[in-house]
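Subject: Handover of a structure

Dear colleague,

Please find the structure below, together with its sequence.

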Amino acid sequence: MQVRDGAHRAPVKRRLVVFFGMTASGKSTLAMAWAQQQAVPYYNTDRVRKELAGLAATERRPDGIDQGIYSPALSARTYQTMLQRAEQDFAEGASMVILDGSYSRRADRDAVRAAALQAGVACCFCYCQCSAEETRRRLAVRAVDREAVSDGRWEIYLHQQGSFALPAEDERRDCCFLNTEETVESLLEKIGDLMKST
């Protein structure tokens with residue numbers, strides 16, 4: 001889908017925007033579309049993680065949960081690296097930076113909030129979700145896509161069903177919920193409206 005350049009462009013306000021959710025929730029598709037539309041820096045945990053591990057972005061690593069490049073130590077380093085890059089972008093004058101990852105733990109989301117506060121920028125979270133049926137369909141498509149970056153699989157989705165810390169009630173002040181089975185265009189309009197109202 002082509003996005004009209006400048007359509008729904010958010011007013012100038014420094015923001016750190018996080019697109020998060022379970023595997024195959026549509027967060028990366030939407031985050032990249034929003035970053036492209038706004039012409040702002042974009043960082044994806046899958047790409048940064050593999051970069052830190054010395055791997056090509058499309059190299060498949062079906063490591064076990066919390067193992068290999070998905071160990072807690074490398075995950076923590078990945079999230080910290082993304083925050084450091086966002087901090088540098090803001091220091092160089094960026095008006096908005098997009099972060100894209102699961103951010104399944106409340107502690108990781110709170111670390112983003114703390115970093116945004118330290119940098120003096122607003123923080124906004126976009127929780128992306130879709131049905132289990134749609135998740136399965138997307139994962140099947142991804143499995144045969146040689147350009148896919150994510151190593152997400154059905155067993156990871158099932159694990160996340162029990163381990164993912166959904167946004168708590170007190171997080172609603174800076175978090176919106178998006179059903180990514182809607183069209184990208186309509187979701188971009190919703191995000192644009194959200195940015196204008198906060």
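A residue is called buried when its relative accessible area is under 20%, exposed when it is over 50%, and partly exposed in between, using a 1.4 Å probe and protein chains only. The model is a predicted one, in which local features need pLDDT of at least 70 and side-chain atom pairs count only at pLDDT 80 or more, while totals for chains, interfaces and linings use all residues. Residues are numbered from 1 along each chain as its sequence is written, and side-chain values use heavy atoms, with hydrogens and water left out.

Cysteines

Cys 175 is buried, at a relative accessible area of 12%. Cys 130 also counts as buried, at 18% relative accessibility. A disulfide is taken to be a pair of cysteine sulfur atoms within 2.5 Å, and a search of the whole structure finds zero of them. The cysteine sulfur nearest to that of Cys 175 belongs to Cys 176, 6.2 Å away, and Cys 175 is in no disulfide. For Cys 130, the closest cysteine sulfur is in Cys 128; at 9.3 Å, the separation is too far for a bond.

Helix contacts

Helices (H or I, at least four residues) and strands (E, at least two) are DSSP runs, numbered from the N terminus. Axes are lines fitted to C-alpha atoms, for helices over the stretch in contact, with angles from 0 to 180 degrees between N-to-C directions.

The axes of helix 1 (residues 27-38) and helix 7 (residues 184-197) come within 10 Å, crossing at roughly 60°. In contact here (heavy atoms within 4.5 Å) are residues of helix 1 including Ala 33 and Trp 34, and residues of helix 7 including Leu 188 and Ile 191.

Helix 2 (residues 45-52) and helix 3 (residues 72-91) have axes that come within 9 Å and cross at roughly 110°. This makes helix 2 roughly perpendicular to helix 3, a term for angles of 65 to 115 degrees, with those under 35 roughly parallel, those over 145 roughly antiparallel and the rest oblique. Among the residues that meet are Val 48 and Arg 49 in helix 2, and Thr 78 and Met 82 in helix 3.

Positive phi values

Most residues other than glycine have a negative phi. Ala 24, in the loop between strand 1 (15-20) and helix 1, has a positive phi near 60°; Ala 24 is buried, at 5% relative accessible area. Tyr 103 has a positive phi near 45° and lies in the loop between strand 3 (96-100) and helix 4 (106-119). Tyr 103 is buried, with a relative accessible area of 1%.

Yours sincerely
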